[in-house]
Amino acid sequence: MPLCAAFHEIAQKQNTYAILQFSGSEQVFTSIAGSRHAVPEEKLTLVEAMKDRVLIDLTPEIDECYALGPYSVEGAQNLETAPYGRIVNYAKYWHIREAMEELVLELAGFISKHPKLRRVFHVAAAPRRNEHDVRPGEVLARGVADALGIKLVQPRKTRATRPQKERGDEESEVELINRVRGSMVVETALGGEGVVIIDDVLGSGGTIREIGRALREAGANWVGATCVAKRARDLRGGVDLRAELWR
């Protein structure tokens, strides 16, 4: 079984969401390849890159989706911000340039080690709400595109939508996804090439799914996604968010 497929099989067994908490790579090689020495160096590198990452199932729009880590974890009283959540906040709300640069390097590094993500020809960002609105996800996507030497694709909104983070207490994940469905278009002809979507924080995945749909309509034959952090509010079963594991 290919290593990426094995990772996703793990995710599927854990109710479609999983954090890969490997204390070491030996158990992965034993279960997948039979022996550490039978695994090519490329796959050894992938296992190290995948350690403690979050896998999110957004199929069929997105072939493979990852977050570098959770946005928040369970503290003594309630959810508290995890390391990647803090860095996102420093970059997004405190406008600390070094934090944004650190995130670009981490995202580009992960993509460059992933056997499928590193073969894409384009990076895509979430669309702007208006021509003057430059979102953190776009800054990250531009930085990653420059670091990897590939092209940036910028989807365009065709109608206004309410921000995904404005979620009512009774609003379901399906309702969030349907809120943005059919609201974007990609005007770049992608001609059967692969694309990776970059964003800062992933909640329900509705925006990422819609970008993926628009990219496929524009001709993309494979669509992946990598974000910095996954919000715990939209994480379902199979994920251990105890704070001591993620400080």
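Predicted model: local features only at pLDDT ≥ 70, side-chain atom pairs only at ≥ 80, totals over all residues.
Residues are numbered from 1 along each chain as its sequence is written. Local features need pLDDT of at least 70, side-chain atom pairs count only at pLDDT 80 or more, totals for chains, interfaces and linings use all residues, and side-chain values use heavy atoms, leaving out hydrogens and water.

**View 1. Strand E6 is covered on both faces.** Let's start with E6, residues 122–125; strands (E, at least two residues) and helices (H or I, at least four) are DSSP runs numbered from the N terminus. In a regular strand, side chains alternate between the two faces of the sheet. Here His122 and Ala124 sit on one side, Val123 and Ala125 on the other, and all are buried (under 20% relative accessible area with a 1.4 Å probe, protein chains only; exposed is over 50%, partly exposed in between).

**View 2. Glu64 and Lys116 form a salt bridge.** Their N-to-O distance is 3.2 Å; a salt bridge needs a side-chain nitrogen of Lys or Arg within 4 Å of a carboxyl oxygen of Asp or Glu. Glu64 belongs to strand E3 and Lys116 to the loop between H5 and E6, so the pair ties together parts 52 residues apart in sequence. Glu64 is buried at 6% relative accessibility, while Lys116 is partly exposed at 39%.

View 3. Arg97 is exposed at 58%, whereas Glu101, at 40%, is partly exposed.
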